[in-house]
Amino acid sequence: MKPFKPNTDHLLVPPVVKTPERAWHLARINRRPSIKNSLLILVIVLVAGVVLPLLAPQNPYDLATFSIMENRLPPGAESFDGMTFWLGTDSQGRDMVSAILYGMRISLIVGLVATTIALMIGICVGLVAATFGSKVDAVLMRFVDFVLGFPSILVALVLLAALGRGVDKVIFAIVVVQWAHYARVMRASAMVERQKEYIEAAENLGYSKMRIMFRHLLPNSISAVLVIATIRVAVAITLEATLSFLGVGVPVTEPSLGLLVASGFQFLMSGEYWISVYPGIALVILIFSLNLAGDRLREAFDSRR
Amino acid sequence: MLTYIFQRLLQSAVVLLAVSIVIFLAVYTVGDPVELLVNPEATELEREEMVQVLGLDKPVLMQYVTFLGNAVRGDLGTSFVHGVPAVELILSRMPATFELVVFSMLFASLIGIPIGLYIGLNSETRMFRIIMTGSILGYSLPSFWKGMMLILLFSVVLHWLPSSGRGETVNLLGIPVSFLTWDGLRHLTLPVCNLAIPNIALMIRLTASGAMEAQTQDYVKFARAKGVRRKRIINRHILPNILIPIVTVLGLEFGNLIAFSTITETVFAWPGMGKLLITSIYQLDRPVVVAYVMLITFIFVIINLFVDLTYAILDPRVRLMDQSS
């Protein structure tokens with residue numbers, strides 16, 4: 001147990017700005033039903049993405065659980081051992097329902113992990129730029145502009161062409177193309193916050209830059225960056241799916257939704273539509289619910305309204 | 001103005017140099033091109049020769065200097081697979097990509113801007129809400145899947161439109177184009193739609209939010225108070241003002257569309273430079289990948305410069321010299 005130490009921080013730095021603002025944020029969400037609905041949809045989709053793979057009838061990554069003999073069966077067909085393939089099977093004989101559920105989980109993991117890492121890097125860079133200002137700020141932001149100057153899909157594509165396939169490599173590529181977005185937004189809102197009196201007070205108290213950055217600036221300027229993060233997860237998932245579709249993403253043995261869609265492309269012309277259509281629908285539901293929630297959140301936090 | 005352009009060109013040169021270093025290290029030092037070029041029965045001696053011809057026995061720095069020296073003279077290497085200069089190969093594919101991109105942008109602007117303007121001016125209606133939410137779906141559809149669904153619907157099920165290739169082309173000023181023949185137009189339709197859909201959504205959202213904001217501005221209120229007709233307010237007051245961000249985004253989107261056409265070209269087997277990039281990545285044709293990245297960077301740098309200059313022309317308040325803000 002830690003010895004009791006009276007917290008005197010609030011006597012020195014009035015927390016007036018902090019508390020009401022946060023409460024006000026929550027109130028904003030509560031006031032708008034459309035945000036609540038979109039967040040509810042998002043939560044359902046996210047939970048489904050985590051829980052449903054546990055209930056999947058088959059493990060699509062375990063070669064022993066499916067047979068190549070049962071490849072490209074139409075939806076509703078039955079397997080040799082009596083299981084029904086409600087959405088058909090792919091060219092390897094995988095049950096599409098299971099493959100989609102597992103693929104969705106991979107897409108979610110890649111999207112969330114990549115976004116979290118990129119977010120942390122972006123937040124640190126943005127905070128450092130805003131806190132130190134002048135030269136440091138100029139150099140960092142030039143670099144951010146440089147990174148943002150290139151289309152993410154090309155950078156990730158070329159990067160993965162050099163690195164090879166793999167879930168970790170895809171995450172790395174997404175982090176490389178995304179951190180700069182967060183850095184820019186974080187810097188912008190931290191710059192506004194920096195002008196306020198409580199930061200000046202903290203500086204005059206001789207607090208270290210580290211403390212000011214993470215204890216004062218961060219909690220008060222993080223909301224903007226978190227709001228864009230919702231949309232950015234959708235972008236990350238789209239990017240992963242696209243890279244996998246182009247054949248430089250996740251390995252063939254662990255198909256994500258994008259790779260499943262790609263594997264059905266060659267059979268599309270002969271009318272075996274289900275291999276591409278259903279994983280794509282799952283992907284769209286995932287991306288759309290993220291974008292919808294992100295858009296509603298952004299609307300609510302938009303200071304002009 | 002001239003000083004500014006000169007400054008920007010200098011900056012662009014630095015960017016190109018930085019990119020050349022990164023891409024050289026990323027692509028040239030990973031793997032072994034000799035494996036690819038020499039036939040499997042080659043003797044050790046032939047291998048050695050190949051290594052020397054390619055200059056792979058030299059230190060990385062020397063290799064880079066050679067590469068840079070050649071690059072400055074416009075030589076970005078020879079394609080391993082096709083045996084022709086990489087730059088030439090990419091330039092020969094460029095018209096197809098540009099045709100796709102230009103038509104997508106035209107299509108997106110012609111549809112997106114009027115719809116956006118209309119709903120932005122009527123933002124209290126139900127229509128506004130529906131279209132705005134629909135536009136989120138517009139950019140949520142992953143390009144590759146949407147392309148495949150277009151093929152499934154219009155080529156496989158309905159048999160209306162062809163699913164791949166450029167169709168019949170005619171030469172316009174020595175450049176082969178598809179849009180002047182009926183067959184070419186039919187081939188162009190699906191890829192253009194596929195590439196344009198997210199941008200239609202973007203144009204709608206951008207124009208709508210611009211129009212909504214402009215309506216609350218004093219100059220619009222004043223014009224209305226003066227008794228200016230609604231049509232004139234929209235055409236002469238609102239539209240020119242909201243056009244500035246639209247032009248900026250359109251310019252920047254041009255570059256993005258070139259990048260994103262890679263996916264569309266792959267789905268529709270459109271023989272553009274994006275398809276070439278993907279094929280080259282599969283075939284480990286490094287000079288083409290490097291040349292593509294360098295060329296794309298160059299195009300981006302030019303587009304950015306162009307957008308900034310157009311900005312200054314459209315909005316007299318923007319001062320190009322002022323770099324402090």
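Helices here are DSSP runs of H or I with at least four residues, numbered from the N terminus. With that in hand, welcome to a quick tour of this predicted model. One stop is A:Thr115, which is found in helix H4 (residues 96-132) of chain A. Other stops are a cavity lined by residues of chains A and B, a helix pair in chain B, and two residues with positive phi, B:His159 and B:Ala269.

**A buried threonine in chain A**

- A:Thr115 has a relative accessible area of 4%, and it counts as buried because that value is under the 20% cut-off.
- Leaving aside neighbours within four places in sequence, A:Thr115 touches A:Tyr182, A:Ala229, A:Arg232, A:Val233 and A:Ala236.

**The cavity**

- The count comes to 1 cavity of 30 Å³ or more, and the largest cavity holds about 40 Å³ of space.
- From chain A, the lining of the largest cavity takes A:Asp295, A:Arg296 and A:Glu299.
- From chain B, the lining takes B:Arg129, B:Met132, B:Thr133 and B:Arg205.
- Helix H11 (274-301) of chain A and helix H6 (126-140) of chain B each supply at least two of the lining residues.
- By residue type, the lining divides into 5 charged, 1 polar and 1 nonpolar.

**A helix pair in chain B**

- Two packed helices are described by the angle between their axes and the distance between the axes.
- Helix H5 (residues 86-121) of chain B packs with H10(B) at an angle of about 145°, and their axes are 8 Å apart.
- The crossing of H5(B) and H10(B) is right-handed.
- Where H5(B) meets H10(B), the contact residues divide into 17 nonpolar, 5 polar and 2 charged.

- B:His159 is not a glycine, yet it has a positive phi of about 60°.
- You will find B:His159 in the loop between helix H7 (143-157) and strand S1 (170-172) of chain B.
- B:His159 counts as exposed because its relative accessibility is 64%, and the cut-off for exposed is over 50%.
- B:Ala269, also a residue other than glycine, has a positive phi near 45°.
- The place to look for B:Ala269 is the loop between helix H10 (230-267) and helix H11 (273-282) of chain B.
- At 33% relative accessibility, B:Ala269 counts as partly exposed.

Notes: Residues are numbered from 1 along each chain as its sequence is written. Chains are lettered from A and ligands numbered from 1 in the order in which they are written. This is a predicted model: local features need pLDDT of at least 70, side-chain atom pairs count only at pLDDT 80 or more; totals for chains, interfaces and linings use all residues. Side-chain values use heavy atoms; hydrogens and water are left out. On a 1 Å grid over the protein atoms alone, a cavity is a set of points where a 1.4 Å probe fits but cannot get out, and a pocket is an open set with protein on both sides within 12 Å along at least five of seven lines; lining residues have an atom within 4 Å of a point. Grid points are joined across faces, edges and corners, and a volume is the space filled by probe spheres set on the points. Ala, Val, Leu, Ile, Met, Phe, Trp, Tyr, Cys and Pro count as nonpolar, Asp, Glu, Lys and Arg as charged, and the others, Gly among them, as polar. Buried means under 20% relative accessible area, exposed over 50%, partly exposed in between (1.4 Å probe, protein chains only). Contact means heavy atoms within 4.5 Å. Axes are lines fitted to C-alpha atoms, for helices over the stretch in contact, and angles run from 0 to 180 degrees between N-to-C directions. A crossing is left-handed if the near helix is turned anticlockwise from the far one by less than a right angle, and right-handed if clockwise.
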